[in-house]
Amino acid sequence: MKVFCGRANPTTGSVEWLEEDEHYDYHQEIARSSYADMLHDKDRNVKYYQGIRAAVKRVKERGQPAIVLDIGTGTGLLSMMAVSAGADFCYAVEVFKPMADAAVKIVEKNGFSDKIKIINKHSTEVTVGPDGDMQCYANILVTELFDTELIGEGALPSYEHAHKNLVEENCEAVPHKATVYAQLVESRRMWSWNKLFPLLVQTETAQKLIVAPAEMESCPGAPSVYDIQLNQMPLSDFTVLSDVLTMFSVDFSKQVNSSPTHHTMQFEPRESGRAQVVLSWWDIDMDPDGKIKCSMAPYWVHSDPKNIQWRDHWMQCVYFLPNEEPVVQGESLYLTAHRDDYCVWYNLHKTRNEKSKNNFHEERPVCECQAHLLWNRPRFGELNDHKRTEQYIQALKKVLKADSICLCISDGSLLPILAHCVGAEQVFTLENSAVSHRLMKKKSKKTRRILNFIFKANGLEDTITIIEKRPELLTSADLGDRKISVLLGEPFFTTSLLPWHNLYFWYARTAVIEHLANNITVLPQAASLHMVVVEFKDLWRIRSPCGNCEGFDVHIMDDMIKHSLDFREAREAEPHPLWEYSSRCLSEPQQVLMFDFQKPVPEQPLSAEGSIFLQRPGKSHGVVLWMEYHLTTESSLSTGLIQMPEAQGECSWNPHCKQAVYFLNSTLEAKTQDSPQSVTYSLEFNPKVGDISMDFRLVS
C-alpha cells in the first residue's frame, strides 16, 4: 500500500507530495537507529552480562526463583543473557512493534522462547496478574533506557512506574546505580557555540565593532544539552577549572522519584579563569558493590585512557552556564545540577542558597532572545569563526562599489552588516525560512527579530532593510524600484541537512532574476561538490553487521537493518559532524560537480561519472561528500576538508558543518600502491527536485 507524504524540499524550497511505501517511516527508524552501535559496544555488553549473572546468582542464593523484567529489550539481548545466567523467566518489554517482532524471532532463533515473553507495550501499560501481561512481579529489573544525558529517554518515569507497579520491593537491578559527574571549564571554542562574539570590521577608512545585543548576552541559552564526542576535543581547547565533581546518583534498585530536584556541590577552583561550560558524563555500576562499572568518562579523567570503548549512542555532555563568571583559585563556590524528569542543567553561585535572577535558574532555562532557536551550536561557532568572516570581508571588498545595491539571501546571516560596513550604498536581506520568518516578527520582546536586535545594537536598524518574503514573491516595490547589483549568500539555511541543500541559494537567485541588474555580481560566484574515500577508525560500526553478540545470534537484526537500508537509505548519504570521528583519506579529494551561480538553475541535469583511485592502504568504509563555495576567483570556503591530507591521510574536517557520508555496502582493503583499487561513481543533480542521486561501487 502506498501513502502520500507532504515534505518540504530543503533545496528548492517547495512543498512536495510524494508517494511512499506505508512502512517508509519504520524503515527510516530502523536504518538510522543505534542498534548496530550498541551491539558493537563490547564494554557495555560484557558489563551487562556480568551484572546480570551476579544479580541472578544473588536471587538464587536467597532460594527464590529469578523473575526478570527487561524494559526496552530491543533485540532481546539482555533477556537472553538473563536466561543463560539461570533466570527462571523473563518478561521483555518493547514498545516499538517492528523491534518487538524482531525480538520474538531472535529469541526463538536462540532457543529461549519458552522462558522469554516479548510484550509489545510501553512499560507503563504493562499489567500484572493471572490475566495480565506478567503473571507475577519481577525480582530482577534489567533496563537500558539511557542516553548521553542519562535521563533524556525517560528513564526516571519508567523506573518510577516499574517500582510501583511491576517489581517486588528491594528487587535486584541491573544496572544497580548511575552516578553523574561534572567538571567546570573555560573554553573559548565551546563558549563560541553559545554566544555571539564581538567582531571588528576594518576598512580602508574606518573600523566598526559589531557587538551582540544585550538581549542575547543575558539570555540563558537553549535548554537542550549539547552531546558530543569529547574524546576528540584536544586539551588545548579548554582549561580545567575544577576537579571532577560527583553531582548526584540514582539507585535503580529502590523507588525512583522523577520529580524535579537539584543537587549542590561545594568546591574550590583549581585554576583562576572564566567559568563558562560544564562538562558532564556518567557511569553505571552493574552491581551493588560497584565492582562492575561502565564509564563514559572522557580520556583526560578516564581510569584507562588507552583502552576507552568507542561508542556513539552514549557520549559526553556540554552544558553552557547562563553567563560566564570569573572564578579565583581556592575561592569557595557551589555548582548546582538541576534536573526534571527528562533533562539536566547547571548553575554556578558563590553561596549555597544564592538565587539571583541572573545566574540561578530553578526551572529549565529557555531561550529568551530567539537566537538559540534560529542558530544551532555549530552555527554559533561558524558565525564566531573570525578567519571565515575575514574571507567574506576580503571578498566583499573586491566586489562592492560605493553605489552597490545588495541583496543577501541566507538565514540569520551577518553578511548584510559586513556589506554595509565595507561600503555598499544600500543593503536588503531576504529572510524567508519558516523558522526565521516566525522568529523575526516584531510583536513583543520575546518574538522580536534577532537581526533587528543585532542591527539596533549596532545602530543599523535604519540602514539595512529586512524583507520577510519568499524569493518568488519579491516585488520591485520591496527594493525601492532599484535593481540589485550584488547578490550575496553564505549560503546558509536552517532547513539544510546535507551539504548540497544550501543550493537553495541558487534557486532563490533564479527566482529573483527579474530584480537583478544585467551586470549582476553573485557572491559566492559558484559552488563545487567534492568527495574522498575514507577509512573510519570507529564510525563504520554504526553500519556494520554484528552477527554474533556475546554468544547470541543476532543475524535477524542485521538482516532487518540491511533490509531497511536497502529500502532507500543505502542509496543515500547521511550527515555526520566528522570532526568528532577519526578518519583517514584513502584517495585524494576530487571535485565532481560544479554549480555556476552566475547563471540561473539549468533545466537539464548535471552529472558526473568516473573512478577515484585508492592511494593509501586501509579499509574503504565510505565516501565523504561536501561543498566548496567560491567567493571569488581567488577565494574559496570548504565545508569539508579544510586542508589537504598529510602523508598518512589524516583528515581535518570543518568543525562547523556536517559532511555527507555514503557508507559502502562492502569494504575493500587497499593494500599497496602497486596494486591500485578504485571506487567508481555516478552522480546526478536533478534540478527539478534539487537533489543528488548517487551510486558508488568498489572495484578491486
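This is a predicted model: local features need pLDDT of at least 70, side-chain atom pairs count only at pLDDT 80 or more; totals for chains, interfaces and linings use all residues.
Ile405, Leu407 and Ile409 point one way from strand β20, Cys406 and Cys408 point the other way, and all of them are buried.

Staying with β20 for a moment, the strand covers residues 405-409, and five of the five are buried, so the rest of the structure largely encloses it. Its pairing partner is strand β21 (residues 426-430); the two run in the parallel sense and are joined over five bridges. One of the residues already mentioned, Cys408, has Thr429 of β21 as its bridge partner.

Next up is Leu523, which sits in strand β24, a run spanning residues 516-523. Leu523 counts as buried because its relative accessibility comes out at 0%, against a cut-off of under 20%. What does Leu523 touch, once residues up to four places away in sequence are set aside? The list has Tyr392, Ala395, Leu396 and Val399, then Leu487, Leu488 and Gly489, and finally Phe505 and Leu631. There is also a C-alpha separation to note: Leu523 and Glu490 are 33 residues apart along the chain, yet their C-alpha atoms are separated by 8.0 Å.

Over to the helices. Helix α4 takes in residues 77-84 and is mostly covered, with seven of its eight residues buried. The buried ones are Leu77, Leu78, Ser79, Met80, Met81, Ala82 and Val83. Just after α4 comes Gly86, with a positive phi of about 115°.

Helix α3 (residues 42-61) packs against α4: the two axes come within 9 Å and cross at roughly 40°. That angle is why α3 is classed as oblique to α4, and the crossing of the pair is right-handed. On the α3 side, the contact is made by Arg44, Asn45, Tyr48, Tyr49, Ile52 and Val56, while α4 contributes Leu77, Leu78, Met81, Ala82 and Ser84. Sorted by type, the residues of this contact split into eight nonpolar, two polar and one charged.

Terms used: Residues are numbered from 1 along each chain as its sequence is written. Side-chain values use heavy atoms; hydrogens and water are left out. Buried means under 20% relative accessible area, exposed over 50%, partly exposed in between (1.4 Å probe, protein chains only). Helices (H or I, at least four residues) and strands (E, at least two) are DSSP runs, numbered from the N terminus. Contact means heavy atoms within 4.5 Å. Axes are lines fitted to C-alpha atoms, for helices over the stretch in contact, and angles run from 0 to 180 degrees between N-to-C directions. Angles under 35 degrees count as roughly parallel, over 145 as roughly antiparallel, 65 to 115 as roughly perpendicular and the rest as oblique. A crossing is left-handed if the near helix is turned anticlockwise from the far one by less than a right angle, and right-handed if clockwise. Ala, Val, Leu, Ile, Met, Phe, Trp, Tyr, Cys and Pro count as nonpolar, Asp, Glu, Lys and Arg as charged, and the others, Gly among them, as polar. Two strands pair if DSSP finds at least two bridges between them.
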